Structure formats: C-alpha cells, structure tokens
Amino acid sequence: MDILVIGSVAFDSVETPFGRGDDVLGGSATYFSTSASFFTGVQLVAVVGEDFPDEPRQFLTSRGVDLAGLQTRPGKTFRWKGRYGYDLNEAQTLETHLNVFETFHPELPESYRQAKFVFLANIDPELQLEVLQQVEKPKLIACDTMNFWIDGKRDALIRTLEHVDILVINEAEVRQLADEANLVKASRAVLAMGPKTLVVKRGEYGVLVFTEHSIFSAPAYPLEEVFDPTGAGDTFAGGFMGYLAATNNLSDETIRKATVFGSVMASFTVEDFSLDRLRKLTWTEIEDRFRRFQTLTAFEGL
Ligand code: AMP
C-alpha cells in the first residue's frame with residue numbers, strides 16, 4: 001500500500017567533524033520518501049521554490065515517488081543549516097528559513113485522499129493537521145516533529161497528536177514534550193497525549209518502542225564510519241513505515257521487524273552526505289544488513 005507523506009523538501013547546509021555540504025538536497029519528506037520507496041509507493045505533499053532544480057524531481061520520480069502533491073511557488077525553497085560535533089547524536093540548528101513553507105497550504109490531489117498509511121514528517125504541526133483534514137479514512141497515522149515545533153507550535157502539535165497512532169521522535173524531544181527527565185515516565189506522559197505507540201530514536205544507542213504494556217529495544221548498527229547523521233531519523237521512519245505499509249499489518253511482531261528495517265535504512269544514510277548513500281543502495285545490501293542485525297541481537301533463552 002502507498003504511503004502519503006507531508007514534510008519538508010529542503011536545501012541543507014551541514015557541518016560535521018568530517019566535512020561539510022552546502023545547499024545539498026535534504027528535508028524530512030525527501031529522506032522519508034527515498035527510504036520508504038525501497039518498500040512501497042509514496043505520495044509526497046510539500047512545497048518548493050522556483051529555485052528547486054529538476055534533478056531531485058527526476059530522482060524521486062525514478063524511485064516511484066508520486067510528486068503530484070509537490071507544489072512549486074514563487075520564492076525560495078526551505079533551507080536548514082546545522083552542525084554536529086563529535087557527538088553525532090544531536091544536531092545544533094544554526095538557521096531555519098521556512099521560505100515558501102511560510103504561506104503554504106497543502107491541497108491534496110484527489111488520488112491522495114484515500115491513503116491508508118499517512119506519515120506526518122517533521123514540519124509545522126498546523127500543516128500536518130491540514131493534511132489530516134483532507135484524508136478520508138486512514139488506517140494508520142504516524143508522526144514526527146522536533147524541538148523547533150515543540151517550542152514554537154506546542155498547542156497545534158498537541159492537537160495533531162490526538163489523531164496520531166504512532167509517534168516517532170528522538171529522546172530529547174520526548175523529554176521536552178513531556179517536560180520530564182526520566183525517559184520511561186516521559187514516554188507514559190507522551191502516550192497519554194494520544195499515540196498508542198511511541199518510537200524513541202536514540203541515535204547511536206538505537207531505538208526504544210513503547211506501548212502501554214510493552215517496551216521493545218533495537219540497537220543501532222555499529223558502524224566504523226559515520227559521516228553525516230542528517231536525515232537518519234527520517235530515513236528510519238521511511239523504512240519503518242515502508243515495511244508496515246508493504247505488509248499492511250500492524251501486529252506487534254510486524255512493528256518490531258519494521259523497527260529493525262528502519263534502523264537498517266538509517267544505518268546507510270549516515271555513511272555519506274545528503275542522500276548520496278541511499279541513491280546507490282540496493283535491496284541486496286538492505287537484506288544483508290537486516291541479517292547482520294539479527295545476528296547482533298540474537299541470544300538464547302534461559
Ligand atoms: P533528521 O532526520 O532529524 O536528521 O532530519 C533532518 C532533516 O530535517 C534535514 O534535511 C532538514 O532539512 C529537516 N529539517 C530541519 N529543521 C526542520 C524543521 N523545523 N521543519 C522541517 N524540517 C526540518
């Protein structure tokens with residue numbers, strides 16, 4: 001089943017201890033769609049400015065991403081500038097220029113309105129809500145956000161969360177959203193806001209999946225070379241949702257396997273700048289790393 005995604009399509013300028021990239025292709029919806037496209041079709045909702053070139057459109061189309069919902073408006077494409085220190089787990093945002101997103105209102109093409117799997121990637125929660133109002137009867141709504149929106153648009157975010165089944169955010173965001181330092185207590189508080197499942201991304205420490213009755217833990221793949229963590233979270237979400245949509249199954253077992261597929265996809269993204277590693281990735285490599293994950297975590301019972 002296809003996934004409908006709304007999020008940012010961006011030019012990123014990123015500095016890491018290992019190099020820098022200026023105005024490279026990025027954005028939450030871009031990473032998400034590329035990653036999910038290894039599993040299923042994607043319908044993208046976003047806006048770009050007139051400065052946005054053809055090449056990324058051709059690339060996304062070649063990956064099976066439907067761009068009927070990508071508007072082009074007068075003005076500049078969204079831009080984000082960030083920096084990572086040796087602790088690659090947290091980005092420091094230096095600049096955020098919403099540009100064409102400031103006046104954007106999503107209008108879903110008719111062909112998108114029946115979407116069963118919806119992913120609200122990191123973007124203004126008011127736009128996330130506007131998308132939900134236009135989808136007829138989704139089976140699963142998942143959502144991401146970040147400190148920028150938790151700080152700046154808290155009320156709208158809380159309203160969005162009331163409709164969300166699965167929230168996928170990082171550890172610091174869980175604490176910030178719940179205003180609670182302990183992660184287990186913070187997770188309970190976030191689950192009380194609406195989502196039935198909370199997926200906590202913890203960078204190189206992996207992922208924790210909380211439901212009311214269970215906690216599942218998956219490691220991150222131990223890599224020798226991490227160049228640029230930008231997009232790891234969105235790429236995780238793309239693999240996670242991609243697998244759920246491809247199997248059209250929401251059982252606990254499937255959610256666990258989806259968590260590992262998400263982690264596999266994210267482990268590739270960080271190996272190179274921008275989407276460069278995903279552009280070269282093959283399904284055989286994905287399967288191979290999935291098996292390595294299995295070996296990494298397998299142990300005998302008592
Ligand atoms: P992550 O997966 O968390 O590393 O996401 C990185 C991507 O998020 C970058 O490509 C940015 O363009 C995008 N981004 C950064 N800030 C925002 C924001 N406030 N709203 C939407 N997208 C953002």
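**Ground rules.** I worked from a predicted model, in which local features need pLDDT of at least 70, side-chain atom pairs count only at pLDDT 80 or more, and totals for chains, interfaces and linings use all residues. I number residues from 1 along each chain as its sequence is written, and side-chain values use heavy atoms, with hydrogens and water left out.

Entry 1: I looked up the second largest pocket and found a volume of about 240 Å³. A pocket here is an open set of points on a 1 Å grid over the protein atoms alone, where a 1.4 Å probe fits, with protein on both sides within 12 Å along at least five of seven lines. The volume is the space filled by probe spheres set on the points, which are joined across faces, edges and corners.

I counted 15 lining residues for this pocket (lining means an atom within 4 Å of a point). Thr197, Thr211, Leu250, Asp252 and Ile255 lie nearest the pocket centre. Two or more residues each come from β12 (207–211), β13 (215–218) and α9 (252–269); helices (H or I, at least four residues) and strands (E, at least two) are DSSP runs numbered from the N terminus. The most come from α9, with three residues. I sorted the lining into seven nonpolar, three polar and five charged residues. Nonpolar covers Ala, Val, Leu, Ile, Met, Phe, Trp, Tyr, Cys and Pro, charged covers Asp, Glu, Lys and Arg, and the others, Gly among them, are polar.

**Entry 2: arginine 79.** I searched the whole structure for salt bridges and got 18 (a side-chain nitrogen of Lys or Arg within 4 Å of a carboxyl oxygen of Asp or Glu). Aspartate 23 pairs with arginine 79, with the closest N and O atoms 3.4 Å apart. Aspartate 23 is in strand β3 (residues 19–26) and arginine 79 in strand β6 (residues 78–83), so this pair ties together parts 56 residues apart in sequence.

Arginine 79 also forms a salt bridge with aspartate 51, at 3.1 Å from N to O. Aspartate 51 sits in the loop between β4 (42–49) and α2 (54–62), 28 residues from arginine 79. I noted relative accessible areas of 43% for aspartate 23 and 31% for aspartate 51. Both values count as partly exposed (buried is under 20%, exposed over 50%, partly exposed in between; 1.4 Å probe, protein chains only).

**Entry 3: lysine 201.** I found lysine 201 in a salt bridge with aspartate 144, at 3.4 Å from N to O. Both lysine 201 and aspartate 144 are buried.

**Entry 4: network.** I also noted that salt bridges with shared partners join Glu271, Arg277, Glu285 and Arg289 into one network.
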